[in-house]
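Please look through the sequence and the structure below before reading on. The questions and answers that follow take up a few of the details one by one.

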Amino acid sequence: MSLATRLVPLASILTASVLLAGCGSSDAGASGSGRQAVASFYPLAWVTERVAGDGWTVDNLTQPGQEPHDLDLTIAQTASLDSADLVVLEEGFQPAVDAAAENSDAPILDAAAVVDLIPATEGDHDHEGESEDEHAEDEHAEEEGHDDHGDLDPHFWLDPLRVADFADSVADELAEVDPDGAQTYADNAAALRAELETLDEEYSSGLATCERSTTVVSHQAFAYLTRYGLEFEAIAGLSPDAEPTAADLAHLQEAIEADGVTTVFSERLVSPKMAETLAGDLGVTTAVLDPLEGLSDETADEDYLSIMRSNLSALQQANGCS
């Protein structure tokens, strides 16, 4: 075989390699391609992923089955905050993430700073009629603070319209990191807003006519749903592992009997024991209302929209909505 003959296939291989490299370079130049965002828990990760699109990798620090309040970061997760192109968190919700983010040079989007949060309602039970010991017990619980959220309720993601506003902020922040993809991020946020507005309409119409509005839940995570005419009574405060006082339980028993409540809601990721005990003592049923703080093993294949629709169905059934 002559030298010229042997050079032909070699030249073909080199040409093909150059073409493939050119294709790879084109992909790398696409909006957000190869960039990474780190989100602290599921609702933030879901929104960021939807707005960022396929060009970004979005890592959720809280895995399915993990209670986000109790998250302790691994060394690898802490390192991921340093290497990320964007960190998305909600200050006060996960202290371990807040502490790690303070030492990160990555851009940070704090949901608490861009979403209109409502005041926390923990500790609002009427203390009239309590004994001195019960009142002191309540005051001690409030002083100890069952949560790290301060005076604002962090659970904004249970309001679809606030989620849509947050998506707009995510789009703006992504555009700061990747200006070439600004229009893509804006379009993705707009498309997500349309889906969330549809969900909001479903809640508004689905809960418009109900036999009762009082809804007993395991912890105070659902106040953002009061805009649909519901009233929530929580066994625990803003933190799901908080213990109710004797006065809290007496108040709940009175509310359940007075308003004809048929269901006490437990939730995923935390023990249903308190809800089951209260329901058993009063002869009412239990059901699950998901606060969507994170996915569980049962909901690992679902998403925000499907779980919110499951919540709507559960609320309609419990409250006798037509």
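Q: Is D116 buried or exposed in this predicted model?
A: Relative accessible area decides the class: buried means under 20%, exposed over 50%, and partly exposed in between, with a 1.4 Å probe and protein chains only. D116 has a relative accessibility of 56%, so by this cut-off D116 counts as exposed.

Q: Which residue forms a salt bridge with D116?
A: A salt bridge here is a side-chain nitrogen of Lys or Arg within 4 Å of a carboxyl oxygen of Asp or Glu. The closest N and O atoms of the pair are 3.9 Å apart, and the partner of D116 is R162.

Q: How many residues apart are D116 and R162, and where do they lie?
A: Helices (H or I, at least four residues) and strands (E, at least two) are DSSP runs, numbered from the N terminus. D116 is in the loop between α5 (111–114) and α6 (132–144), whereas R162 is in helix α7 (residues 160–177). The pair links distant parts of the chain, and the separation is 46 residues.

Q: What is the relative accessible area of D168?
A: The class of D168 is partly exposed, and R193 counts as partly exposed too, at 22% relative accessibility. For D168 the value is 30%.

Q: Which residues are linked with D200 in a network of salt bridges?
A: D200 lies in helix α8 and counts as buried at 10% relative accessibility. Contact means heavy atoms within 4.5 Å, and, leaving out residues up to four places away in sequence, D200 touches P160, L161, R227 and Y228. The network joins D200 to D116, D159, R162 and R227.

Q: What joins the side chains of T62 and Q94?
A: T62 sits in the loop between β2 (56–60) and α3 (75–83), and T62 is buried, with a relative accessible area of 5%. A polar contact is a pair of N or O atoms within 3.5 Å; within protein, one must be able to donate a hydrogen and the other to accept it, and residues adjacent in sequence count only if both atoms are side-chain atoms. The side chain of T62 reaches the backbone oxygen of S40 at 2.7 Å. What joins the side chains of T62 and Q94 is a polar contact of 3.1 Å.

Q: Which residue in β8 stands opposite T263?
A: Two strands pair if DSSP finds at least two bridges between them. Strand β7 (residues 263–266) and strand β8 (residues 285–288) run parallel and are joined by 4 bridges. Opposite T263 stands T285.

Q: Where is L292, a residue with a positive phi?
A: Most residues other than glycine have a negative phi. L292 is not a glycine, yet its phi is positive, at about 60°, and L292 counts as buried at 0% relative accessibility. The place of L292 is the loop between β8 and α11 (304–319).

Q: How many helices and strands are there in the protein chain?
A: Of the 322 residues in the protein chain, buried residues make up 46%. The chain has 11 helices and 8 strands.

Terms used: Residues are numbered from 1 along each chain as its sequence is written. This is a predicted model: local features need pLDDT of at least 70, side-chain atom pairs count only at pLDDT 80 or more; totals for chains, interfaces and linings use all residues. Side-chain values use heavy atoms; hydrogens and water are left out.
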